Amino acid sequence: MRRVISVVVVVAAFDARMARWVSAADPAPILITLWWDTEDYVLPASDDAALRVARWLSRQQIRATFKVVGEKARTLERRQRTDVIDALKQHEIGYHTNYHSVQPTPAMYLSSLGWDEGVAEFDRREKPGLDDVKRIFGQHPSCYGQPGSSWAPQSYGAMKKWSVSVYLDSGNHLNVEGQPFHYCGIVNFYSLKHTLRTNLGGPQDLKAAEQRFLAAREQLRREGGGVVSIYYHPCEFVHQQFWDGVNFAEGANPPLDRLKLPPAKTEAEIATAYETFESFIRFLQRFPDVRFVTASELGRIYQDRSQGRTFSRAELTRIAEQVGDSINYQQIGTCTVSAAETLLLLGRSLQSMLQKSEADGSVQLLMSPLGPTSPTVPQTASVSTPYHQFERTLADVLDYLDRHGRVPSAIWLGSVAIPPESFLATLARVYRQRVAGEAIGDEVAFRPVTVAARKYVADDDPRLWRWVIFPRSFRAPAMMELARAQAWTIKPAIRHDEELKR
Ligand SMILES: [Zn+2]
C-alpha cells in the first residue's frame with residue numbers, strides 16, 4: 001500500500017513540473033501570489049496554524065509569502081517555536097510592521113508629518129521589527145504591507161532605505177486600473193482587480209471562491225494574463241475574532257502583558273477551515289496556466305526597466321508630444337515613465353542640446369525622482385517670461401532634481417513661482433519646437449494645467465479608515481494630499497514574460 005502511494009506521488013510531482021513548464025510558455029500566464037499576514041502574537045494556537053499551512057504548502061510545492069510582524073517573530077522565539085520558524089523559512093518572508101495594532105499605527109503617527117520627518121519616524125518605529133524578522137528568519141524581507149488599512153506614503157521612503165522593493169497588500173488608497181504599478185520607486189501589488197480568497201466555512205464557500213477564480217481567469221486570459229492576489233492570516237483558521245479587534249478596538253491601547261485571548265474556533269470548525277482552504281489551493285493547482293509566485297518573483301517579473309535605460313531623442317520627442325495639458329505617465333516600448341521622470345528626461349535632453357549643438361539629445365535615466373513633498377503653488381492664469389529666464393530656470397530645476405531627488409513644489413521664473421506641472425507642459429512644448437527646428441520666440445508662456453495621475457490616489461474618504469482599531473473620528477487629509485502629490489511617481493508596471501522562464 002505504501003509503495004502504491006509513493007508511485008502516485010511521483011506521478012503527481014511529474015505532472016506538476018509539466019504544468020509549470022507549460023505555464024512558462026503560455027501567452028496568458030495566471031500568476032497567483034499567495035500571501036499571509038502573520039501577525040497574531042496573542043493566541044498560541046495561531047503559531048500552530050502558521051506551522052500547519054506552511055508545511056502543507058511546502059508539500060504542495062508552493063512557495064508563499066509570509067509577511068511577519070516583528071513582535072510575532074520575537075514571540076515565536078520566546079515560545080521556542082523553532083518548528084514554526086523553520087517551516088516559514090521554507091517560504092518567502094515579508095514584513096508587516098513591528099507591533100501591528102498597538103496604537104498609534106502608521107497612518108495615525110504619520111498623518112501630521114511631512115515626507116522627510118515621516119520617513120524618519122516610520123524608520124524609527126518600524127526598523128527594529130524589520131531587523132528582528134531578518135535575524136530570526138535569516139532572510140531580508142522582500143516586501144512590506146501595512147497593518148489593516150493603516151497605509152501611509154512615507155512608508156515608501158523608508159522601504160527604499162531598507163532595500164525592501166515590493167509593496168504587497170490589499171487596499172483602496174492607490175488604484176491604477178486594478179493593475180500592478182510603480183509608486184515612489186516601489187512596485188505595488190495593492191489594489192489588484194483580482195484579489196480573491198475562499199472563506200473558510202466549507203463546501204459553499206469553496207464553490208463561490210472557485211466561481212470567482214474561474215471568472216478572474218477567464219478575464220485575465222482575454223487580457224493576456226496577469227496577477228491574482230490571494231491572502232490569509234494563519235490566525236483566522238483557529239479564532240472566531242481577530243486578536244486585535246478583541247484588544248485594540250476604536251483606539252484602545254491595553255498594555256502588552258494584559259492582552260485578552262480572542263475566542264477560539266471549535267475543533268470541527270478548525271478542521272473545516274483547513275479542508276476548505278486546501279481544497280481551494282488544490283483546485284487552483286489543476287490549471288496548467290497557473291503559476292504561484294512570491295513577492296520577490298513578482299518584483300522581478302514586473303521590474304521597472306526604465307532605470308538605467310537610455311532614451312533616444314526620437315523617443316523623447318514622442319514623450320514630449322504626449323505631455324499635453326493633463327500630466328500623466330507614458331509608455332515607451334516595454335517600459336513606462338512617470339511624470340517626474342518625464343520632467344527629468346526632457347529637461348536633461350533639452351539642456352544637453354542647448355549646451356552643445358552637436359548633442360544627440362539622448363539621456364540615460366539614472367534616478368526616479370519623488371513628487372513634490374510640500375504643497376505646490378497655485379496658478380490660475382497664464383504667465384510668461386523671457387526665453388533667457390526659461391533657460392536659467394531649466395538649469396535650476398535640473399540641479400534641484402539632482403540635489404533633492406524630488407520635483408520642486410514651486411518653480412521660480414525669476415521672482416514668479418509656478419507649479420511644476422505648468423513648467424513640464426511648457427518644457428515639452430519648447431522641446432518639440434527645438435527638435436522640429438521651429439522658432440521658439442522671445443517670450444515663453446506657462447498655462448495652468450492639471451496632473452491627471454492624481455486620480456489614482458484616493459481622497460481622504462472616511463471609508464479608507466474603517467479598520468476596527470482606528471478611533472472613529474480618524475482622518476488624514478494632509479497625508480492623503482502628500483500621497484496625491486506623489487502621483488508624479490505613478491506608472492503602470494509592465495510584465496516581462498521572459499522572467500517567467502528563469
Ligand atoms: Zn495585518
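User: Why are α13 and α15 called oblique to each other?

Analyst: This is a predicted model, in which local features need pLDDT of at least 70, side-chain atom pairs count only at pLDDT 80 or more, and totals for chains, interfaces and linings use all residues. Residues are numbered from 1 along each chain as its sequence is written. The axes of α13 and α15 cross at roughly 40° and come within 10 Å. Angles under 35 degrees count as roughly parallel, over 145 as roughly antiparallel, 65 to 115 as roughly perpendicular and the rest as oblique. Therefore α13 and α15 are oblique. α13 passes α15 in a left-handed crossing (the near helix is turned anticlockwise from the far one by less than a right angle; clockwise would be right-handed).

User: What makes the contact of α13 with α15, by class?

Analyst: Eleven nonpolar, two polar and one charged residues. Ala, Val, Leu, Ile, Met, Phe, Trp, Tyr, Cys and Pro count as nonpolar, Asp, Glu, Lys and Arg as charged, and the others, Gly among them, as polar. Among the residues in contact are Leu343 and Leu346 of α13 and Leu424 and Tyr431 of α15. Contact means C-beta atoms, placed from the backbone, within 7 Å.

User: Why are α3 and α6 oblique to each other?

Analyst: Helix α3 (residues 70–78) and helix α6 (residues 115–137) pack at an angle of about 40°, axes 8 Å apart. α3 and α6 are therefore oblique. The contact includes Ala73 and Arg74 of α3 and Val133 and Ile136 of α6. The residues of this contact divide into five nonpolar, two polar and three charged.

User: How do you know that the buried residues of α12 line one face of the helix?

Analyst: The buried residues of α12 (residues 313–321) are Glu315, Leu316, Ile319 and Ala320. Seen down the axis, they fall within an arc of 140°, so they line one face. The arc is that of the directions from the helix axis to the C-beta atoms. An α-helix has 3.6 residues a turn, so residues three or four places apart point the same way. α13 (339–355) and α15 (420–436) are among the elements that the buried residues of α12 pack against.

User: Why does Ser163 count as exposed?

Analyst: Ser163 has 9 other C-beta atoms within 10 Å. Ser163 is found in the loop between α7 (154–162) and β5 (166–168), and has a positive phi of about 60° although not a glycine.

Definitions and conventions:
Axes fitted to C-alpha atoms, helices over the stretch in contact; angles between N-to-C directions. Helix = DSSP H or I, 4+ residues; strand = E, 2+ residues; numbered from the N terminus. Contact = placed C-beta atoms within 7 Å. Buried ≥ 20, exposed ≤ 12 C-beta atoms within 10 Å, placed from the backbone.
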